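Please open the model in your viewer and keep the selection tool at hand. We will go from one selection to the next and say what is there at each stop.

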Amino acid sequence: MPLPVPRPFQRPARGATRHVEVGGVRVPYELVVDPWPDPYLDLDAYDPDADLMPINWGPQHPSTHGVLRVKLFMDGEVCVKAVPYLGYLHRGVEKLCEKLSYAQVTPIVDKNDYVSPMMNELAINMAFEKLLGVEPPPRAQVIRTIFAEMQRVASHLLWLGTWAMDAGGALGGGATLFMYCFREREMILDLFEEVTGARFHYNTHTVGGNRHDLPGGWEEKAIRVLDHIESRLPEYEDFLRDNDIFLVRTRGVGRLDPLLAMEIGVSGPSLRASGVDHDRRRDAPYAAYDRVEVKVPVRDAGDALARYEVRMDEMRESIRIARELLQDVPAGPITALKPVKMPKAIKVATGRSAYVGIESPRGELGTFVIAQNERKTAHLPYRLKIRPPSFHAMALLPYLAPGATLSDIVVIAGSLDPILGEVDR
Amino acid sequence: MAVNESGQRFHHAVYEKFEAVANFPGLDLLFTTADKVLTWGSQNSLWAFPMATSCCGIEFMATAASRFDTERIGTFTRGTPRQCDVMVVAGTITVKMAPRVRKLWDMMPEPKWCIAMGSCAISGDFYRDIYSVVPGVDTFIPVDVYVPGCPPNPDALLLGFKRLQEKIQARREGRWVEPDKRPIDGMRVPSIPRIGAPDRLPVFDQAQLHNVLHMDPDGRMLRPDAPPMPRPPEEDPE
């Protein structure tokens, strides 16, 4: 058996990229021909002269974005095998939700993807509405979409700041970009606080609509804030666009094969940076996305630089969508059902199930709910499964880390944007 | 080495090193002054170690970032336990994570303090009945200040740091400081008593130390060749 040789530091070829059709999807040719490294490399069969060094990265490490633990086997400075260990934040959310009624689940699932709580609430309540057959009124749909897009901007800002801090001084001087990104993120959190009363964990979506209506003058204020953030975005790009160190550290680092990405189930910006044009907001519109035109930014390179570019373009796109919707919020009620006072008020017919997927900042966030089979406990879900996008991004790490240097692995893991609360649940 | 009211071992570096000299008559004045300077320094430059596991970690980052800025009160965030004075436990601590938290706490040099940030770190919150969650971080490390909230606002965390500074100053002056209580009333008491509680058996501390010493680097809790874990004595069936 020939020994797998670690891939050298590769850069994508410059110039136009050829495309091939695979399974009805148009993907870049050069990424397809790149062989995948073996994630289950047998270390006993590896070159006996090599001095392999295991490095334990995490679970407490500032650049693991939480409590991820990865065991890295390094040959010199190049990684040959990476084994992620999960479960350091396993809180049994899915099991907990089986004990709670449909009205009580929303604040629990807020804590899954703790960088974008609005998305968790939206996904879970859309699944419950599908189970019940309730359609929220148009005002609630538009408010949900505005919240989702503003949350996407806030989430990407946090990602940019922490990723820049992980890569150290190369990306705009250590903590500088982190401080700038948090300055803008606070503005969005202030807007949310004005509506819901909480900076975090809003609990504003309910089954059949929203709990809080927009206060007077909020739309104009939100448009002003979004304009301000859009004017700040070139400032961040000035840090990075012409920065040679940044380009060297991200261009060609962590090249993701679109076929591998589709096989593992990666979605969101990481998939779009590999040339696959897929976005649930445009392909399967939910909430009020059928009212606006969604342009999906796509890059072909598939490396960390492309993921950064996709996220920056997505921020601009989200600001545009939110602004367009804010200019014309329809009047009317914000809930289709009466406000729920009792937890047992919502009852679902027996033997039903529903799956709903939305486009969260990290990819497709899905919720699968099965209703109870007995009338007596019809207010409780029988089974609730959450399909987190970060979990699939974490499955990529054993494929992307071999062949990269230790410093590159920090950049690669950061560019996938994993949230460990969502991975372990 | 002394044990204070909340069960925390209280250790003063200057006094320990020069215990014989400090008892020499006439030198008290010098060491009192040094003690004063050291306390002033440590309370105004609390280096915080973020034991950030989940949502509260994001709010801790917001507190350390541009708008709230903990460096105004001298609290600087550092990613390593060996250089820090305060451990801020921000987020849910699971059974798998708890030995690591204990190990990081043991790595920190004395004098050290702990802030439990958020309801998960205080009591486990609504996850406290889940099989994998530790019901409160004070079941295995001593906590000085509790900051309630889910997650606490940055203002609340800043207030927690100020409260810790007051406690450090009061301890130097020899004033009585009421030990902080869990800010949740009517909550179920955890099955393992808190550190410092009179009914807590020493075997719990031994078991935690055993976990840390014989942890398997491959991800399981204990190494296969580890000696048997100390168990609490079995009660008489009568």
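Helices, in the sense used on this tour, are DSSP runs of at least four residues, and they are numbered from the N terminus. With that in mind, and remembering that this is a predicted model, select residues 154-173 of chain B, which form helix H7, and find B:Arg163 within that helix.

Is B:Arg163 buried, exposed or partly exposed? A residue counts as buried if 20 or more other C-beta atoms lie within 10 Å of its own, and as exposed if there are 12 or fewer; B:Arg163 has 15 such atoms within 10 Å, and therefore it is partly exposed.

Next, turn to chain A, whose secondary structure consists of 16 helices and 10 strands, and in which 51% of the 425 residues count as buried. Of the contacts in this chain between residues at least 6 apart in sequence, 71% join residues that are at least 24 apart.

Still in chain A, look for an open sheet of three strands, which are arranged in the order E3-E4-E5 and pair in the antiparallel sense. Strand E3 (52-57) and strand E5 (78-85) of chain A are its edge strands, since each of them pairs on one side only. On average, neighbouring strands of this sheet are turned by 20° against each other, if direction is ignored.

Finally, select E3(A) together with strand E4 (residues 69-75) of chain A, where six bridges make up the antiparallel pairing, and look for A:Trp57, which stands opposite A:Val70 in E4(A).

Note on methods. Residues are numbered from 1 along each chain as its sequence is written. Chains are lettered from A and ligands numbered from 1 in the order in which they are written. This is a predicted model: local features need pLDDT of at least 70, side-chain atom pairs count only at pLDDT 80 or more; totals for chains, interfaces and linings use all residues. Two strands pair if DSSP finds at least two bridges between them. Helices (H or I, at least four residues) and strands (E, at least two) are DSSP runs, numbered from the N terminus. Axes are lines fitted to C-alpha atoms, for helices over the stretch in contact, and angles run from 0 to 180 degrees between N-to-C directions. Two residues are in contact if their C-beta atoms, placed from the backbone, lie within 7 Å.
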